[in-house]
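I opened this notebook page to record what I looked up in one structure. The entries cover strand pairing and aromatic contacts.

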Amino acid sequence: MSIYFLEEKTMDFSESKTKENLARAFAAECQDGARYQFIAKDAKQNQMNYISTILKMLAKNEMAHAKMFYQHLVDNLQTKNGNVNIEAGYPFKQSELKTSLAAAAVIEDYEAQNIYPAFAKVAKDEGFPEIAKTFTLVAEVEKVHAQKLADLGEMFNHHKLYKSQTPRLYECSNCGHRETKKEAWKTCPLCNYPQGYVIINFENQ
């Protein structure tokens, strides 16, 4: 008995929708990274040092994603002229810290639930499984980002960053001093750093 295997056909990358989707994703991640740097600076100016640290970490994540999408483009483009023309809309809005966090959470959630899963499906259908995998894994990270930003925004807007109805662990990000209580210190008892350096516990809000 003869067994025949159907060979998967890979679309010409230069003619693919995946090429454009990678370029869109690269641009979006670069903008997300820059946006978080801006919000981090705003948080720092408002003495929210640990929030600033979290946002800088998210910015670093976004730039890592951008590099992955960029590398896929470079590896697959068969021309020295690597220009990819795209048409897309990106959000630009000046806002305060409390609204910036919520807006960023919405963007991350939309990327996680809609954009990257759709991009992954297109890449898979066009015969680019590794690119599809990258889109899928990045979507999972963006989902975590969305939840973290939503939690930060919720806690910030309801003055729960350093307060809780039940005792929880607070830790100084500068010296490591720790206490379990309902409200964090205004000034660290050990190093005298301000409250903004307290590590924010996202559990048991």
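How many residues lie between S1 and S2 in the hairpin, and which residue in the turn has a positive phi? I note at the outset that the model is predicted.

**Entry 1: the hairpin.** I found that S1 and S2 form a hairpin with five residues between them. The residue with the positive phi is Gly176, which sits in the turn with a value of about 90°. I then looked up the pairing: strand S1 covers residues 163-172, strand S2 covers residues 178-183, and the two run antiparallel, joined by five bridges. Within this pairing I located Arg168, which stands opposite Lys181 in S2.

**Entry 2: the other partner of S1.** I also checked S1 against strand S3 (residues 198-199), and these pair in the antiparallel sense over two bridges. I traced Glu171 to its bridge partner in S3, which is Ile199.

**Entry 3: aromatic pairs.** I examined the pair of Tyr116 and Phe135: the ring centres are 5.9 Å apart and the planes lie at 20°, so I recorded the pair as stacked. This pair links distant parts of the chain, with Tyr116 in helix H3 (residues 97-125) and Phe135 in helix H4 (residues 129-157), 19 residues apart.

**Entry 4: surroundings of the pair.** Are Tyr116 and Phe135 buried or exposed? I found Tyr116 buried, and Phe135 likewise. I noted finally that Tyr116 and Phe135 belong to one aromatic cluster with Phe69 and Phe119.

Technical notes: Residues numbered from 1 in each chain as written. Predicted model: local features only at pLDDT ≥ 70, side-chain atom pairs only at ≥ 80, totals over all residues. Heavy atoms only, no water. Phe/Tyr/Trp six-rings, centres within 6.5 Å; stacked < 30°, edge-to-face > 60°. Helix = DSSP H or I, 4+ residues; strand = E, 2+ residues; numbered from the N terminus. Buried < 20%, exposed > 50% of the residue type's maximum accessible area, 1.4 Å probe, protein only. Pairing = 2+ DSSP bridges.
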